Amino acid sequence: VYVGHPDIKGREAILKVHARNKPLGDDVSLAELAKGTGGFTGADLENLMNEAALLAARRHHRFISMAELNEAVIKVIAGPEKKSRVVIERERKLTAYHEAGHAIVIHDLPTQDPVHEITIIPRGMAGGMTISLPQEDRAYQSRRELEERIAVCLGGRVAEQLVLGDISTGASSDIQKASSIARNMVTKYGMSEKLGTIAYTSESNEVFIGRTMAQSRSYSEEVAGLIDEEVKSIVDTAYRRCEDILSQHRSQLELTAQYLLHHEVMSGETFQKVFTDPDDEVFE
């Protein structure tokens with residue numbers, strides 16, 4: 001029996017179940033929380049409520065506030081902060097510009113979810129993160145959304161090159177994601193004009209380990225070469241788009257990175273001020 005992820009109404013109902021016997025503050029809206037937890041499973045939502053309760057207890061608060069719930073969302077997504085990890089100043093600067101690059105590109109692309117938080121505090125294996133939370137449940141993604149998602153993935157690498165004149169291994173997972181999306185567009189979703197509306201992948205239901213070794217390729221070497229060319233073209237186009245965006249918003253990139261170097265964490269609301277009110281005293 002296949003059990004998919006709960007939709008927004010399901011998430012709200014699950015949150016209500018796990019909120020029982022937990023003292024919630026007046027500012028808490030489980031409906032709003034459900035909107036920002038797309039893709040969460042029931043277990044994730046239970047973990048979220050428990051983490052928020054622990055945060056409130058550690059801070060000696062009588063009630064769980066929306067701030068603690070939002071912080072718990074980030075912890076469930078990205079893992080706990082590793083403030084004890086010593087990061088040299090050169091790496092902090094690189095991470096700040098890298099994450100600022102992601103955020104600026106997200107802001108400029110209309111199909112992407114708004115920035116919720118930017119941090120250069122290490123979490124898990126990541127040196128920093130730019131988190132954007134979905135505003136609605138989506139069953140499908142358009143070609144434009146996927147193309148812009150690839151651009152978002154490359155925003156950090158482009159920012160490194162633009163500002164620091166060098167690139168680092170910190171973008172490896174971003175590059176893998178971008179390449180995977182582009183290859184799926186060409187081979188799985190039929191989004192290549194050159195190759196047409198044809199699936200070049202054969203998805204089977206083998207459940208044994210090493211199943212990919214048992215799958216045979218159903219296309220020629222010539223088509224394989226065309227696939228590689230199309231994937232590279234999609235990624236290269238996204239890269240150039242990032243360069244244009246970050247060049248146009250160089251001042252906002254600098255402001256965001258400098259704020260991160262001083263404060264380590266930047267909320268979505270503060271990030272919006274970079275574009276609407278860059279002279280705000282919070283940036284001084």
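Modeller: The model is predicted, so local features need pLDDT of at least 70 and side-chain atom pairs 80 or more, while totals for chains, interfaces and linings use all residues. Residues are numbered from 1 along each chain as its sequence is written, and side-chain values use heavy atoms, without hydrogens or water.

Helix α3 covers residues 42–58 and helix α4 residues 66–78. (Helices are DSSP runs of H or I, at least four residues, numbered from the N terminus.) Their axes come within 8 Å and cross at roughly 125°. The crossing of α3 past α4 is right-handed (near helix turned clockwise from the far one by less than a right angle).

Now the contact itself (heavy atoms within 4.5 Å). From α3 come D44, N47, L48, M49, E51, A52, L55, A56 and R58. From α4 come E68, L69, E71, A72, V73, K75 and V76. By class, nine of these residues are nonpolar, one is polar and six are charged.

Helix α7 has 16 residues, 172–187. At 1.5 Å a residue it should span 22 Å, and its end C-alpha atoms are 22 Å apart, which agrees. (The expected span is 1.5 Å times one less than the number of residues.) In α7, D174, A178, I181, A182, M185, V186 and T187 are buried (under 20% relative accessible area, 1.4 Å probe). Their cover includes α5 (89–108), α6 (143–164) and α9 (221–248).

Notes
Helices (H or I, at least four residues) and strands (E, at least two) are DSSP runs, numbered from the N terminus. Buried means under 20% relative accessible area, exposed over 50%, partly exposed in between (1.4 Å probe, protein chains only). Axes are lines fitted to C-alpha atoms, for helices over the stretch in contact, and angles run from 0 to 180 degrees between N-to-C directions. Ala, Val, Leu, Ile, Met, Phe, Trp, Tyr, Cys and Pro count as nonpolar, Asp, Glu, Lys and Arg as charged, and the others, Gly among them, as polar.
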